[in-house]
Amino acid sequence: MGGGGDMKWQKDAADQNFDYMFKLLIIGNSSVGKTSFLFRYADDSFTSAFVSTVGIDFKVKTVFRHDKRVKLQIWDTAGQERYRTITTAYYRGAMGFILMYDITNEESFNSVQDWVTQIKTYSWDNAQVILVGNKCDMEEERVVSAERGRQLAEQLGVEFYETSAKENINVKTVFERLVDIICDKMSESLDSEPAMLAGGGRGQRLTEQPQGNSNPNCNC
């Protein structure tokens, strides 16, 4: 008896066939293009007619980096102030952030520092961040120069890219670079603290459980 249950478990185990799972968040003011950016990467589609994200939405995408199968759980967060307290709960366990502003919107650029404070306050110390100036296809309406973006990124100690979800410029590059930075940081941590491999302390946030094992921290 119960054979069907065993078969179901095997199927579920196959669905969990990955080496790591990284939780990534796209954050930034409302209307900077977070949802378009996510859809371009996950579905390779673009539409400018999105309704503002209410609360939280996420997509899952599996990528291969350095012979590893990495499952990305990418969360699209609402930029509106009234949702800020909801979204902070989702910062926990996030390993990477795409902090986005809109190159045609000065206010969104000025808010970057506030978002950095949010990351520092609510996320894990070792979370990696890439600063992204989105909508670089709208050159005529640009108010934030690429140089200002670069200088801010340097000041914050993070990498910087200008992107366009509409024209599909640097979208894939940003995600792949973020995954690489997280992998690099993970290798450094494992080299300096081998105990992490045993899943002790913070190391559990770094690596997923072996495939097939149930993991209470897994939101998949």
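Reply: Let us begin with a term: two residues are in contact when heavy atoms of theirs lie within 4.5 Å. Please keep in mind that this is a predicted model.

Me: With that cut-off, which residues is L72 in contact with, leaving aside its neighbours within four places in sequence?

Reply: Apart from those neighbours, L72 is in contact with F22, L24, Y41, K59, V60, K61, V63 and V179.

Me: What should I look for when I want to find a core?

Reply: In soluble globular proteins, nonpolar side chains tend to be buried together. Here the largest nonpolar core has 28 residues, and F22, F37, L72, I98 and F175 are those with the most contacts inside it. At least two residues of this core come from each of β1 (20-28), α2 (34-43), β3 (68-77), β4 (96-102), β5 (128-134) and α7 (171-192), and α7 gives the most, with nine residues. A second, separate core has 22 residues, including A94, F97, I103 and V112.

Me: Which residues of helix α5 are buried, and where do they lie around its axis?

Reply: In α5, which spans residues 112-122, the buried residues are V112, W115, V116, Q118 and I119. They lie on the same side of α5 because the arc they cover around the axis is only 155°.

Me: How many helices and strands are there in the protein chain, and what percentage of its residues is buried?

Reply: The protein chain has eight helices and six strands, following the pattern α-β-α-β-β-α-β-α-α-β-α-β-α-α along the sequence, and buried residues make up 45% of its 220 residues.

Conventions: Residues are numbered from 1 along each chain as its sequence is written. This is a predicted model: local features need pLDDT of at least 70, side-chain atom pairs count only at pLDDT 80 or more; totals for chains, interfaces and linings use all residues. Side-chain values use heavy atoms; hydrogens and water are left out. A nonpolar core is a set of buried Ala, Val, Leu, Ile, Met, Phe, Trp, Tyr and Cys residues joined through side-chain atoms within 4.5 Å. Buried means under 20% relative accessible area, exposed over 50%, partly exposed in between (1.4 Å probe, protein chains only). Helices (H or I, at least four residues) and strands (E, at least two) are DSSP runs, numbered from the N terminus. The arc is that of the directions from the helix axis to the C-beta atoms.
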